[in-house]
Every structure is written in structure tokens, then in C-alpha cells.
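Please walk through this fold with the model open beside the text.

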Amino acid sequence: PCFSYLVRGKSFSFYRGKIGIPAAVVLGASGTGISYMTSANAIEQFEHTISLGEQQATVGEYGKALQLFSDAKSNYTASFRTGHYQDIADEHISSSVNDATQLSVKMIEEGKLMDASILLSSLPQKVISENQQFSEQYNSAKSTLDKAINEGLDNLISDISSNHGKLSGTAKQKLVELLKINPNDYWLNFIKNKEK
């Protein structure tokens, strides 16, 4: 009886062990399924917001795109794969900051200082300041713009000196561009008034 009991005990333990793993998988899968179902609306909203952000980025509205990507990240508080969805938002934010700062530098190189200024000003500072790399990229582009503005004023003065006290046609266009950015700048307004 004792041997028979032990055999039955081992048989039962073995049997119980065989179904233990599948049962855990089923329970885990059902838990994930429940998490997904309860998160479905949040996932749909997240994907919708990301899609809107992508549309804005495509047409160069990086400020609006960044805000949408940031909203998608902060508003996704569902339990299903939270880190995964936040990583998706982070990738979109990083890509947009990179594209925006590179485009602004390109604009500066092309002399489109006002366009570059508008673009950089449109980027939400809260999003930029949350990441050191983003801050460095933004500050670098802003520094390039500030340098171009200062050089623009110096170039205007040089142009006046070499053009008998008047601005050349190209320099006049540059003056208009600089005044759009710094309408209250003393020296720019001084040159503008001298041209009248």
C-alpha cells in the first residue's frame, strides 16, 4: 500500500507538473489579452495622434508635430506595452527635432533668416528642454542664427561703406529680412531711416 501510494503520489505530481506550464501560459495570455482589450481605446487614440503629428511633420510644421508627439506620449497611460508606445513617441520626437534643426540651419545658409527664426520659435520649449540632446541641437541652431544676424548687420555697414553711403539692392533686401527678425534694433532702424 505504501509503494502503491508513492506511485500514485508521483504520478499525480507528474501529471500536475505537466499541466502547470500550459496553465500558466493560458493565464498569462489571457491577462495580456485583457490588458490589450482595456487599452484598445488608448492605443487607437495614440495611433491617431501620432498620425496627425506625422502629417504636420511632412508639411514642415515641426512645432505642431512635436506637440502632437509629446501629447501622444504623455496621454498614453494604458497598461498594455506602455514602454513600447512611449518609445514610438520618443522616436518621432527625436526625428522631428533633428529635421527641424537641420532645416533651420539650411535656411540660414540660404539667407532665409526670418524663416529659420519662425521655425525655431515654433518648437515647443517644454519638449526641447526635456532632453539634453534636443536642447543642444536647438541651441546650436539658434546660435547659428544669432551669428548670421550679427554678421548681417556687419555686412550692411560694409556695404554702405563700399557703396558711397547707400545700400546696394541686395543689401536692401537683407535689411528688410533683418528688420523682420529684429524690428526694434537701433542700428537696423538707423540704417533704414538713412535710406529714406
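A crossing of two helices is left-handed if the near helix is turned anticlockwise from the far one by less than a right angle, and right-handed if clockwise. Helices here are DSSP runs of H or I with at least four residues, strands are E runs of at least two, and both are numbered from the N terminus. With those terms, the crossing of H6 and H7 is left-handed.

This is a predicted model, in which local features need pLDDT of at least 70, side-chain atom pairs count only at pLDDT 80 or more, and totals for chains, interfaces and linings use all residues. Residues are numbered from 1 along each chain as its sequence is written, and side-chain values use heavy atoms, with hydrogens and water left out.

Start with confidence. pLDDT is the predictor's confidence in each residue, from 0 to 100. The protein chain has a mean pLDDT of 83, and 81% of its residues reach 70 or more. Residues 1-31 stay under 50. The model gives that stretch zero contacts beyond four places in sequence. Contact means heavy atoms within 4.5 Å.

Now the layout. The protein chain has eight helices and zero strands. Its pattern along the sequence is α-α-α-α-α-α-α-α. Among contacts with a separation of 6 or more, 60% join residues 24 or more positions apart.

Buried means under 20% relative accessible area, exposed over 50%, and partly exposed in between, with a 1.4 Å probe and protein chains only. Of the 196 residues, 30% count as buried. A nonpolar core is a set of buried Ala, Val, Leu, Ile, Met, Phe, Trp, Tyr and Cys residues joined through side-chain atoms within 4.5 Å. The largest such core has 42 residues, and Leu113, Leu123 and Leu156 have the most contacts inside it. H6 supplies the largest share, eight residues.

What does Leu156 touch, not counting residues up to four places away in sequence? Its partners are Leu167, Ala171, Lys174, Leu175, Leu178, Leu188 and Ile191.

Next, the packing around H6. Two packed helices are described by the angle between their axes and the distance between the axes. Axes are lines fitted to C-alpha atoms, for helices over the stretch in contact, and angles run from 0 to 180 degrees between N-to-C directions. H6 and H7 pack at about 145°, with axes 10 Å apart. H6 contributes Ile149, Gly152, Leu153, Leu156 and Asp159 to this contact. H7 answers with Ala171, Lys174, Leu175, Leu178 and Ile181.

H6 also packs on H8. Their axes come within 11 Å and cross at roughly 30°. H6 is therefore roughly parallel to H8; the term covers angles under 35 degrees, with over 145 roughly antiparallel, 65 to 115 roughly perpendicular and the rest oblique. This crossing of H6 and H8 is left-handed. Leu153, Leu156, Ile157 and Ile160 in H6 meet Trp187, Leu188 and Ile191 in H8.

Ser117 lies in helix H4. Is Ser117 buried or exposed? Ser117 is buried, at 16% relative accessible area. Beyond four places in sequence, Ser117 touches Leu145 and Ile181.

Asp146 sits in helix H6. Asp146 counts as partly exposed, at 32% relative accessibility. Asp146 and Leu113 are 33 residues apart in sequence, yet 9.4 Å apart in space, C-alpha to C-alpha.

Last, look at the loop between H2 and H3, where Arg81 is placed. The phi of Arg81 is near 45°, a positive value in a residue other than glycine. Arg81 is partly exposed, at 47% relative accessibility.
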